[in-house]
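Trainee: Hi! Could you walk me through this one?
Mentor: Happy to, let's open it up.

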Amino acid sequence: LQPLSAAGTSALIARDADGALPDDVLARCAGLSGGVPLFARELVRTARTDAAVSHTGPDPVRAVSPPAVGELVERRLAGRGADAEAMARAVAVCGDRTATDRLARVAALDPAAAAAARDALAAAEIVELSPSGPSFVHVLVRQAIYERSPPGTRGLMHERLALELSESGLHDTAAVHVLAARGPRPVSETAHATETLLAAARQARTRGASSEAVALLTEVIDSTSVRVDLEEAHGELGRILARRRDPEGIEHLRAAIAFAEAPADRAFASLVLGEALFWSARFDEAGVVCREAIIELDGGDRELTLQLEAAAITAELMRGVERSRPAELEDGVAAGATVGERAVLVHVAGDLAARGTRPAAEVAAVARRAWADGTLLEGAGPDSPLFAFCGTTLAWAEDFTTALDVVDRGETLARRRGSQIGVAYSTSLRAGIHQRIGDLRRARADAEIVLEEYPATDPIATMSALAFLVETLIDQGEADAAHSRVTGLGLGGPLPVLGTVDFLLLGEHDGLVGL
């Protein structure tokens, strides 16, 4: 609300003073209030009280500040009872317009006592009542009550509220209260506090708020000694940092493996580490980590073993090794019924397309079974190159309708989750599809987006986009421009050993003379 006008302030003060104060005191009250009704009325109330005690005492009009407001609030609370004080502190912790039943639980009051305490606060003009719950008459009143609450009592109320919010699935809001409850002991010492922070971090990561997730996970790591919680915190933090190409991400993931006790837990952590090493273009290490985890599992978890197989093949594909694995696994994953089966089936379809031993329609059918109407993307996520590999195979098999569906869904999910890698994969794949169907204008635009806006995001996306741009420029009769783009990226000499360099080598020979 806007402050009262000078005339409105004077009228309010004159009404409350009711002739008990001289005009000069009323003028000073009006000036000091700044037009805030609460301050104006409290200044008059204070002046009248002090004047009634002694007409010869100090100036009854004082400058308004939070401490002064605190004193006024304390006087208003005086005699209202312990329940009213507890209710006032609960409103300060929970916020305005919180339902009375929740305030009662946070204040540890029974419903009848909470209702009576709420009404007492309204009678004391500390809160105003509304159907949705009580609200402080001014933000500084809330500040005064909050800051003057004993830290232990205040922290306990934050913990109660955090527990209630987390039980309702509001983990991100609950985490704010978990952190506010910190005291001389670690904030994550209680199990529910740690679980809340971890759940809030997962929610933050899902909605793309990675910095918030990093802060929450760091809090868990710094404040708990529970191995299972440290395993998850290091794993989640490692994955986020690895996506940012932060080397510390790899170390956090290795810590997650060290904290994992069960073979299956270590294997899952190894899967995440393998993905992180892949994102860092450490393909040999990624393949070794996944293969060692498969050996340790020793067939004990088929689904996890298949996911590790897919991750290992993804890394090995970049180095051109272990090329026989997809064919060896084809019969066991043909149904594409699980996340692991679909992940491996992507590589089976790609291998079939690369070998050229079966009709395109059959290869497309295998790729569609792996895609499973978007289920592949939901399971693997937009950061995984699997959906891009699947879309590429569909384009090779000339099922462009499904391939573009892969692009659209992949980009939508990547943008929703804040995944630049996923956006780069999708945009590069779309460039390749448009180039193959002859829409050269769109192919060129998409390839340029990847190279200009996401040049260091992922080597797969970058090299693929460059290859598609080269082919598009050649198709448009601009072979010299194609050559310049390649050499401009430092690829004028020997090419790196990287799977997606194959796309460059498959370009039109005439346009690549001199590479």
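Mentor: One term to begin with: contact means heavy atoms within 4.5 Å. This is a predicted model, where local features need pLDDT of at least 70 and side-chain atom pairs count only at pLDDT 80 or more, while totals for chains, interfaces and linings use all residues. Residues are numbered from 1 along each chain as its sequence is written, and side-chain values use heavy atoms, with hydrogens and water left out.

Trainee: Does Thr392 count as buried or exposed?
Mentor: Thr392 counts as buried because its relative accessibility is 16%. Buried means under 20% relative accessible area, exposed over 50%, and partly exposed in between, using a 1.4 Å probe and protein chains only.

Trainee: What does the side chain of Thr392 reach?
Mentor: The backbone oxygen of Ala388, at 2.8 Å.

Trainee: New topic. At what angle do α24 and α25 pack?
Mentor: About 155°, with the axes of α24 (residues 420–437) and α25 (residues 440–453) 8 Å apart. That makes the two helices roughly antiparallel. Angles under 35 degrees count as roughly parallel, over 145 as roughly antiparallel, 65 to 115 as roughly perpendicular, and the rest as oblique. The axes are lines fitted to C-alpha atoms, for helices over the stretch in contact, and angles run from 0 to 180 degrees between N-to-C directions.

Trainee: Which residues meet there, in α24 and α25?
Mentor: Among them are Ala424, Ala431 and His434 in α24, and Leu440, Asp446 and Val450 in α25.

Trainee: How about α5 and α9, at what angle do they pack?
Mentor: About 60°, with the axes of α5 (residues 82–94) and α9 (residues 151–167) 10 Å apart. α5 and α9 are therefore oblique to each other.

Trainee: Last one: what is the phi of Asp373?
Mentor: It is positive, about 55°, although Asp373 is not a glycine. Most residues other than glycine have a negative phi. Asp373 sits in the loop between α20 (360–371) and α21 (375–380), and is exposed, with a relative accessible area of 55%.

Trainee: And where does Glu398 lie?
Mentor: In the loop between α22 and α23 (400–417). Glu398 has a positive phi near 65°.

Definitions and conventions. A polar contact is a pair of N or O atoms within 3.5 Å; within protein, one must be able to donate a hydrogen and the other to accept it, and residues adjacent in sequence count only if both atoms are side-chain atoms. Helices (H or I, at least four residues) and strands (E, at least two) are DSSP runs, numbered from the N terminus.
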